[in-house]
Number of protein chains: 2
Amino acid sequence: MLEVLILKLYDLPASPNARRVRIFLAEKGLEIPMVPVNMMTGENRTEDYLKKNSLGRMPLLELDDGTCISESMAICRYFEEAHPNPSLMGNGSLESATIEMWQRRMEFEFILPIISIFRHTADMWKDRFVQISEVAEQERIAVKARMEWLDKELSGKQFIAGGDYSVADITAQCAFVMAKAALGLRIPEELTNLSDWWARVSTRPTARA
Amino acid sequence: MLEVLILKLYDLPASPNARRVRIFLAEKGLEIPMVPVNMMTGENRTEDYLKKNSLGRMPLLELDDGTCISESMAICRYFEEAHPNPSLMGNGSLESATIEMWQRRMEFEFILPIISIFRHTADMWKDRFVQISEVAEQERIAVKARMEWLDKELSGKQFIAGGDYSVADITAQCAFVMAKAALGLRIPEELTNLSDWWARVSTRPTARA
């Protein structure tokens, strides 16, 4: 079997999903050539790009034989299997399942509604998407309630999944980066467990990958 | 180390997420005691249940030491690692990543919007959720467009991820079961690749698990 040698990562620098992959790679100590894709000029809707990902989304991993993998967590899974150390998705059935549970909770309770608020309110989405302001309002309420929930869940824990730093932390980090930068939604100081966790993860050397 | 012997699955029979786990277990040839949870009478909001899953959702796997795993795909991951054969989540980095990519596409393009249409329109959600009918309308349009996309993607393929039957097929199956049963949204006959795939998966002995 041929070893895959040349990889390329099609990147959307401001996207929380692309950032998840960049932090994941940095934590693994891997460097992959990056190809930034400009969504505003439609580079992701060209015939050539749509052949790589028919949904026109980033991030996207291209292997040297032309095989393409999209979806941030699928790309992370690729690197987790190919470069298991340090483990970010867990070892054994219980740890793997626990990390996957927390990864999904962070995705569904934070990343998805935060992206949705942005799409329903940002100027750049006005002509690309039917914006419904009430959706953004409801999701803003939900995200605030979920921060309180996560604060309680973090009681006595260093990291989201309860053990070491994992992909669940990466997902949550990227959600909160976007919440602050794009929506002005910050972690309230009185949520001390969540604030302490944020101080812990946002000062990691990989946090700005 | 103690071997985990007694497992229990808290089930919501009509939920597409709970069905994903039931089909997954049936494909693995595993039988787990099921505990149906009645959402309508608030069984999932009792103090006892919220200790098992603070988000009050089903399905939920409880191990004999009281450890609880929620999130359908995390529960499937638990069984995939503990009982690898037959493989439903892939072996090796490329196959695992490809199946995860397709599983997520089926989840984001179908299961999530289909559940959302239901929540925004069904009587049972009226008093539990702020229903916005325009969301349901937009998502109905999106799901129909995605069926056309998936039909093209299935050209020349037997199963969603391109190789054998996998968890990606299970996710798509459960989405289409709910679309038909709860929303009256059927796969159009003229989408022949998608219709052929549906005939293939819906006649498997595990399809009604």
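Modeller: A residue is called buried if 20 or more other C-beta atoms lie within 10 Å of its own, exposed if 12 or fewer, and partly exposed in between, the C-beta atoms being placed from the backbone. This is a predicted model, in which local features need pLDDT of at least 70 and side-chain atom pairs count only at pLDDT 80 or more, while totals for chains, interfaces and linings use all residues. Residues are numbered from 1 along each chain as its sequence is written, and chains are lettered from A and ligands numbered from 1 in the order in which they are written.

Glu71(A) is in the loop that runs between β4 and α3 of chain A. Helices (H or I, at least four residues) and strands (E, at least two) are DSSP runs, numbered from the N terminus. The phi of Glu71(A) is near 80 degrees, which is positive although the residue is not glycine. With 26 other C-beta atoms within 10 Å, Glu71(B) is buried.

Helix α3(A) itself comes next. Nine of its 11 residues are buried, so the helix is largely enclosed by the rest of the structure. The buried ones are Ser72(A), Met73(A), Ala74(A), Ile75(A), Cys76(A), Arg77(A), Tyr78(A), Phe79(A) and Glu80(A). Their cover includes α1, β3 (60–62), β4 (68–70) and α6 (167–183) of chain A, together with α4 of chain B.

Helix α1 (residues 16–28) of chain A packs against helix α3 (residues 72–82) of chain A at an angle of about 15 degrees, and their axes are 9 Å apart. The two helices are therefore roughly parallel. Axes are lines fitted to C-alpha atoms, for helices over the stretch in contact, with angles from 0 to 180 degrees between N-to-C directions; angles under 35 degrees count as roughly parallel, over 145 as roughly antiparallel, 65 to 115 as roughly perpendicular and the rest as oblique. The crossing of α1(A) and α3(A) is right-handed, a term used if the near helix is turned clockwise from the far one by less than a right angle, and left-handed if anticlockwise.

On the α1(A) side, the contact is made by Asn17(A), Arg20(A), Val21(A), Phe24(A), Leu25(A) and Lys28(A), and on the α3(A) side by Ser72(A), Ile75(A), Cys76(A) and Phe79(A). Six of the residues in this contact are nonpolar, two polar and two charged. Here Ala, Val, Leu, Ile, Met, Phe, Trp, Tyr, Cys and Pro count as nonpolar, Asp, Glu, Lys and Arg as charged, and the others, Gly among them, as polar. Two residues are in contact if their C-beta atoms, placed from the backbone, lie within 7 Å.

Among the residues with the most contacts inside the largest nonpolar core, which has 81 residues, are Phe24(A), Ile75(A), Phe24(B) and Ile75(B). Such a core is a set of buried Ala, Val, Leu, Ile, Met, Phe, Trp, Tyr and Cys residues joined through C-beta atoms within 7 Å. Neighbours within four places in sequence aside, Ile75(A) is in contact with Val21(A), Pro59(A), Leu61(A), Ile69(A) and Ala97(B).

Tyr78(A) is located in helix α3 of chain A and is buried, with 25 other C-beta atoms within 10 Å. Not counting residues up to four places away in sequence, Tyr78(A) touches Leu61(A), Ile69(A), Ser93(B), Leu94(B) and Ala97(B).

Beyond the helix, Pro86(A) is found in the loop between α3 and α4 of chain A. The peptide bond joining Asn85(A) and Pro86(A) is cis, with omega about -5 degrees. In chain B, the bond from Asn85(B) to Pro86(B) is cis, with omega near -10 degrees.
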